[in-house]
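Please keep the sequence and the model in view while reading.

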Amino acid sequence: MNLALPLLVPALPALGAAAGLATGKKYAGLARPLAVLPVAASAVLAVVVALQLGTGRSLDAATRLTPTGGPDVSLALHLDGFSVLISLLVGLVATLVQIYSTAYLKDDPRYPSYAALVSLFTAAMFLVLYSGDLIVLLVAWEIMGICSYFLIGHHWETEDARSASLKAFLVTKLGDVPFVFGIFVLGADAGSFRITDVLAAATEGRLGHPTLAALLLLGGVAGKSAQFPLHTWLPDAMAGPTPVSALIHAATMVAAGIYLVARLMPVFLLSAAALVVLAAMAAVTMVGSALCALAQDDLKRVLAYSTVGQLGYMAGALASGDRDSAVFYLVGHGVFKALLFLTAGVVIHAAHTNSISAMSRMPDLRKRVPDAYWAMGIGLVALMGLPPFTGFFSKESVFTAAEHAAHGEALTRGVGPASAVPEAAGWIVLVAAGLTALLTAAYSTRLWLVAFHGRAAAAPAAGAPAAEAGAPYSPEIDEADPATAEPAAMRWPLWVLAVPTMAFGLLGLRDGWLPSLLDGGSLRPTPATSVTGTGLALAGVLIAYAAWRAAGARQAATAGAVPDPGRLLLGPVHRFAQYGFGVDRLYSTLFVRPTAAAARLVNFLDREVVETYVRGAGNGTNALGWLVRRAQTGNAQSYLSALLAGAVLLAVLVAVGT
């Protein structure tokens, strides 16, 4: 393979970003082609690289960047089925997001900088996937972090966007601190930062501190992939433009942590403790986020909590020792979650609100956005995991992995021994995944019914403020005539994504196709898990529908309240789930307030104590200068008198001394 091709995949979006930032507003007409064409070309090249690499092969190339006195840092490529498969997802979603954004943000004055940052974000994710050196991967990892900060805070005029961008940056950096030390531990143990050398050291048992390295790396994974307890930034990140949400949730950033663990799976298989920690983290994330999604009224926050839970599925598959099912789920989820966010953008554009309860007051909403209506239905069915959509096959692969791990037969697929995965990890993931499947179907059904099939709640009184009407302000909403059809650039990407949402999972049925790109094991669902998973999903649908009917009956009795099955299903838990079970408040009490108090104390000490001494030293110098200045009168008689007085004083002192 010509090495120029894989090098161009991350380079083209980076060059497009540089050109977009350089042209800026002065040449605004170039912003759209500079946004779309380099990313689209990169996506095509990613396909070419995947085809040339083929299945069951890998490519390694490296050149040393700098001597360090220890393990060298190299500009290295490491391509295999995992990296090229996910790169196809990144290229597809990033291209569609850029095209979609040309219409969604057509009147935004900051579109050129937005598009350039999306391109840079895409380039960084490609570099994460293709990098064969952990230090270079870390650089790309951090570039994604700073890009997310700027993109989430795109609407910096609003307090929500400013605080959300800062929160995303700080929380992910909190996870990155142990992540950096984990990379250093691996490099020191393996004697190299090259991924192939680290994996060889893990396979040969030459890593001296595998548990320490794995646990430290999990800190970064929890931050980037929004796993408990560092998950709180992702729902708040919905303050950014909806296309950014699609990109972050589907193909970049949150997928990076899952990909890293899959890439370094032999390291994690050396530590049973790390796998149990990962399983517990995934279980809490799955169940907790599903409960929170069931209580949200904001359409994008429902999808955000859904992403957190689906990432928990992927982490659970990794904790069960099966990286094939984790990556299978990652790619399938990336497709249908991008579809869901882009359809959400169309719905918000038409409804002028993010609130699903407010949407329920619009009986003609589904007629105004028929493309989004049907595309969102396809995405939600895939999210529920119902056959034959992609979500069914990827979810069942996770169930199968957890089931085998729970019985001591983990599907490590030759990456490590099956006995390396504790049975406890399998059971934790299996139980949590089952409960999450039920809840996922319930909140997906609730979203669909309330948003598009709301039943005749009375419209808010004329002049009622938007907050009372359940319609929070969003600066990205186009204030055009709501009857206007959505632009084609916002409609046809939905159907491009709908096709793999319905068909991608079928690729896992034939061992010669998708499985051959990975570790070669079967991805076919087993009858037991298929029946169990599908049964739980159908039960969730029926429960949510019954609750919706019951809530509708209550609405008729209370005359005006929007029927919300989530409130009925959760009961007293609803209030806690709506606010994320108080995790943010807990962090504010334990960390934010003490830090703010310490900052105020330091400020007081600096201003009132340190500056007092500084001012005192200055005032003393000024007083001494005043005295000296007063002594310099320019009168010779005064000088002679002072000299005579001094001489007399010295004579007296000498006489007394003798």
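## Cavities, buried elements and salt bridges

The largest cavity has a volume of about 40 Å³, and the structure holds two cavities of 30 Å³ or more. The model is a predicted one, and its chain contains 27 helices and two strands. Of the 658 residues in that chain, 55% are buried.

**Largest cavity**

- The residues lining the largest cavity are Gly16, Gly20, Ala31, Leu34, Ala35, Pro112, Ala115, Ala116 and Ser119.
- At least two lining residues come from each of helix H1 (4-23), helix H2 (31-53) and helix H4 (111-130), and H4 provides the largest share of the lining of this cavity, with four residues.
- Sorted by class, the lining of the largest cavity comprises six nonpolar and three polar residues, with no charged residues.

**Second largest cavity**

- The second largest cavity has a volume of about 30 Å³, and its lining is made up of Asp322, Ser397, Thr400, Leu411, Arg413, Ser522, Leu523 and Arg524.
- Three charged residues belong to the lining of the second largest cavity, together with three polar and two nonpolar residues, whereas the lining of the largest cavity has no charged residues.

**Second largest pocket**

- The second largest pocket holds about 460 Å³ of space, and among its 15 lining residues Lys167, Val171, Thr232, Tyr587 and Val592 lie nearest its centre.
- Two or more residues of the lining of this pocket are given by helix H6 (159-190) and by helix H26 (583-631), and H6 supplies the largest share, six residues.
- The lining of the second largest pocket divides by class into nine nonpolar, three polar and three charged residues.

- Helix H10 (residues 242-250) is largely enclosed by the rest of the structure, because nine of its nine residues are buried.
- The buried residues of H10 are Thr242, Pro243, Val244, Ser245, Ala246, Leu247, Ile248, His249 and Ala250.
- His333, which lies in helix H15 (residues 323-351), has a relative accessible area of 1% and is buried.
- Leaving aside residues up to four places away in sequence, His333 touches His249, Thr307, Gln310, Met314 and Ala338; one of these, His249, is among the buried residues of H10.

**Salt bridges**

- How many salt bridges does a search of the whole structure find? The search finds 18, and the pairs described below are among them.
- Asp80 and Arg263 form a salt bridge in which the closest N and O atoms are 2.6 Å apart. Asp80 lies in the loop between strand S2 (73-79) and helix H3 (81-104), while Arg263 lies in helix H11 (residues 254-263), so this pair ties together parts that are 183 residues apart in sequence.
- Asp80 counts as buried at 12% relative accessibility, and Arg263 likewise counts as buried, at 3%.
- Glu204 forms a salt bridge with Arg206, the closest N and O atoms being 2.7 Å apart. Glu204 is exposed, with a relative accessible area of 53%, whereas Arg206 counts as partly exposed at 42% relative accessibility.
- Arg491 and Asp371 meet through their side chains in a salt bridge with an N to O distance of 3.8 Å. Arg491 belongs to helix H21 (residues 488-503) and Asp371 to helix H18 (residues 370-384), so the pair ties together parts that are 120 residues apart in sequence.
- Arg491 counts as partly exposed at 29% relative accessibility, and Asp371 is partly exposed, with a relative accessible area of 23%.

**Chain as a whole**

- The C-alpha trace of the chain spans about 115 × 70 × 55 Å along its principal axes.
- Among contacts between residues at least 6 apart in sequence, 78% join residues at least 24 apart.
- The chain exposes about 26200 Å², and carbon and sulfur atoms supply 68% of that area.

How values were computed. Residues numbered from 1 in each chain as written. Predicted model: local features only at pLDDT ≥ 70, side-chain atom pairs only at ≥ 80, totals over all residues. Heavy atoms only, no water. Buried < 20%, exposed > 50% of the residue type's maximum accessible area, 1.4 Å probe, protein only. 1 Å grid on protein atoms, 1.4 Å probe; cavity = no way out; pocket = protein on both sides within 12 Å on 5 of 7 lines; lining within 4 Å. Points joined across faces, edges and corners; volume = space filled by probe spheres on them. Nonpolar A, V, L, I, M, F, W, Y, C, P; charged D, E, K, R; others polar. Contact = heavy atoms within 4.5 Å. Areas by Shrake-Rupley, 256 points an atom, 1.4 Å probe, with all protein chains shown as cover. Salt bridge = Lys/Arg side-chain N within 4 Å of Asp/Glu carboxyl O.
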